[in-house]
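Take a look at the model below.

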Number of protein chains: 2
Amino acid sequence: MNYFSSNFKLGILGGGQLGKMLLYNTRKFDIYTCVLEASEAAPCRIACDEFHLGDLLDYDAVYNFGKHVDVLTIEIENVNIEALADLEKEGVKVYPSSKTLRTIQNKAKQKLFYVDHNLPTAPFSRFAYLSEIKEAINHGGLKLPFVWKVAQFGYDGQGVKIVKSIEDLEGLPKGECIAEELVPFKNELAVIVARSAAGEVKSYPVVEMEFHPEANQVEYVICPARIPEAVAKKAQEVALKTSEAYNHVGLLAVEMFQTQNDEILINEVAPRPHNSGHQTIEASYTSQFEQHIRAILGLPLGKTDSKVGGVMVNLVGAEGYTGDVVYENIAEIMKMAGVTPHIYGKKQTRPFRKMGHVTIVNEDLNEARKIAEQVKGLIKVIST
Amino acid sequence: MNYFSSNFKLGILGGGQLGKMLLYNTRKFDIYTCVLEASEAAPCRIACDEFHLGDLLDYDAVYNFGKHVDVLTIEIENVNIEALADLEKEGVKVYPSSKTLRTIQNKAKQKLFYVDHNLPTAPFSRFAYLSEIKEAINHGGLKLPFVWKVAQFGYDGQGVKIVKSIEDLEGLPKGECIAEELVPFKNELAVIVARSAAGEVKSYPVVEMEFHPEANQVEYVICPARIPEAVAKKAQEVALKTSEAYNHVGLLAVEMFQTQNDEILINEVAPRPHNSGHQTIEASYTSQFEQHIRAILGLPLGKTDSKVGGVMVNLVGAEGYTGDVVYENIAEIMKMAGVTPHIYGKKQTRPFRKMGHVTIVNEDLNEARKIAEQVKGLIKVIST
């Protein structure tokens, strides 16, 4: 098939910021793109050839959109899977597959998948209802503390809670969940694996998610991770095996824990471009977005090496500010060498809302990390 | 002024490929953009917030469009200058200025500007009509060979001819022109200088335009140029002086000759992102497009150093093919490390039409140059 002509149509489910960054790269290859999204004000609207308004969880909306394109991908996992399964049967190429999405959408299923495939992950128990967790604690079948995770539709730290006493369960959603052993870890790592429709596989360097010591929020993504080579090798191996187990096509971001004993445990995966890969735009030979497109179209994969060291800082709404957004000191940070802000264009800020990210690149990674700290100290996402 | 809000509007005159690459970078900063362009099928249409249909040479079209924006820039020089001059009087920020564009639009005026400002350029004579050139030759006032250049509206080698005999003048446009001394040169070089509205100045490394030995067409842009440091320094100095002489805001691409005696002579300038800077997207800390936006908005300029060596190859329509375009072997070149094709999305090819470009980056510039030759040998822009 000739992707470089207007007869071919690429469909994207979801019209958010990830989709927008994906679309910039389709433009580079002149690929005709269609986006399905429920919000008329979606960031993608400005960058696609066709914008279709529709609910991503509605069977008909997804099915009809899918029939209209040749290859279908996602920028968000919460989409109607039955429609994807039917589209696959009817010959539409769907990457990631409905099967993979069905497993990933549910954290209990995802964890069971790792166990079934002999992939390392923290021990856990599955519960159909929150009430069963309480019973298990009361009967001594579950020891405190543990990590509670909602099975379905958790996102970005929401739907996750460290439970130290039975009272911590108050107010949590009552449905399906898991209780995961609280593993003390040295580092949270991630590897993005690209696997193409033609079977080619390449992975990006291991990155490190550096957490704020108090806020328990990812502050910096650092590429490459400052870890021993043997640990990096193990993380790469686990990530590659995970991609293979899913028989995945496209990008798979594999988030992992490096335990105190330098074991690698899979935390969770995202079958698409991911926050832990934003620094690839400036730091890598091939950005994660270009790579995803290469992979799902069966084109040769690009080189995943870094040109320079990269650090990514998320721009989130400051606490105490809700309303029309203002980026304080943005010109100040643009004075610093190798600093690129990416402003997502959301008009309204609220505490912790993801409003953009800043990439800092430097030949010397430690220097980039230092500049990142200055960036973090200067820029503030506030309201008018 | 807060550029990072929707109250601000950036206007671009011209809706071609340069404009499109500029627009991708405005998206990164979430800048609201308006484009004026005569063709409904313009590449920019998909990437701007507002698309205005209108003739760039029409006073009213340009004036009315300009009144609608806060900062106005161009992606092509041939625009109505009277409208720009009036807009400037009325407070619209126009970069490049009407004065600079008036000088640059006319090659005779441009050459006189260099003479007036004591900037090095090849000796030349100015003629109001082609017929005057013939008279000058006949009277011995002009020696053969020389380079004939049309004064107005030449583009990309069109409007330029080496005249070795009086017969070579046959069929040339009859209007204003110059006759320039044919200077034997070792290299054709270029430097892109960025000068911001706030007065900050930064320049990119000197690049080398390598010509095809027979076809006399730029085959490769090589960054940095493989020239002695002293020559590079001289080229940088001339380029910076030129930008200063124009009191220029935005990018100024200064094309120069390195003569057999290592003199530097200005050939011509382009007051905008330029073909000789396309490799900055992949090779530099800051792409020329991002830099142009930073400059005209008075934001701090980005670092102009290279992360890696870069070579750019233009993709032009192959001889003997006209019609619906096909890119032969594009997947083959995408297999090579550090190779990124940029397909401009023009549906029809014809001999020598610019259809895209390919960037090759590598830590080792000589390796990049080698891969570029393989790219050039493989990819063909043909028709169905």
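Helix α6 of chain B spans residues 130–138, and its buried residues are B:Leu130, B:Ile133, B:Ala136 and B:Ile137. This is a predicted model. Viewed down the axis of α6(B), the buried residues fall within an arc of 110°, so they line one face of the helix. The spacing follows from helix geometry: an α-helix has 3.6 residues a turn, so residues three or four places apart point the same way.

What do the buried residues of α6(B) pack against? Their partners are strands of chain B: β6 (124–127), β7 (146–150) and β9 (177–181). Just after α6(B) comes B:Gly140, with a positive phi of about 80°.

Now the contact between the chains. Chain A contributes 39 residues and chain B contributes 39 residues. The size of an interface is often given as the accessible area lost when the parts come together. Here chain A and chain B bury about 3500 Å² between them. Carbon and sulfur atoms account for 60% of that area.

Two salt bridges run between chain A and chain B. One of them joins B:Lys347 to A:Asp30, with the closest N and O atoms 3.3 Å apart.

Which elements of chain A supply at least two residues each to the side that touches chain B? They are α1 (17–28), α9 (288–296), α10 (330–334), β18 (339–343) and β20 (354–362). β18(A) gives the most, with five residues. By class, this side of chain A has 20 nonpolar, six polar and 13 charged residues.

Terms used. Residues numbered from 1 in each chain as written. Chains lettered and ligands numbered in written order. Predicted model: local features only at pLDDT ≥ 70, side-chain atom pairs only at ≥ 80, totals over all residues. Heavy atoms only, no water. Contact = heavy atoms within 4.5 Å. Buried area = accessible area lost by both parts, 1.4 Å probe. Salt bridge = Lys/Arg side-chain N within 4 Å of Asp/Glu carboxyl O. Helix = DSSP H or I, 4+ residues; strand = E, 2+ residues; numbered from the N terminus. Nonpolar A, V, L, I, M, F, W, Y, C, P; charged D, E, K, R; others polar. Buried < 20%, exposed > 50% of the residue type's maximum accessible area, 1.4 Å probe, protein only. Arc of directions from axis to C-beta.
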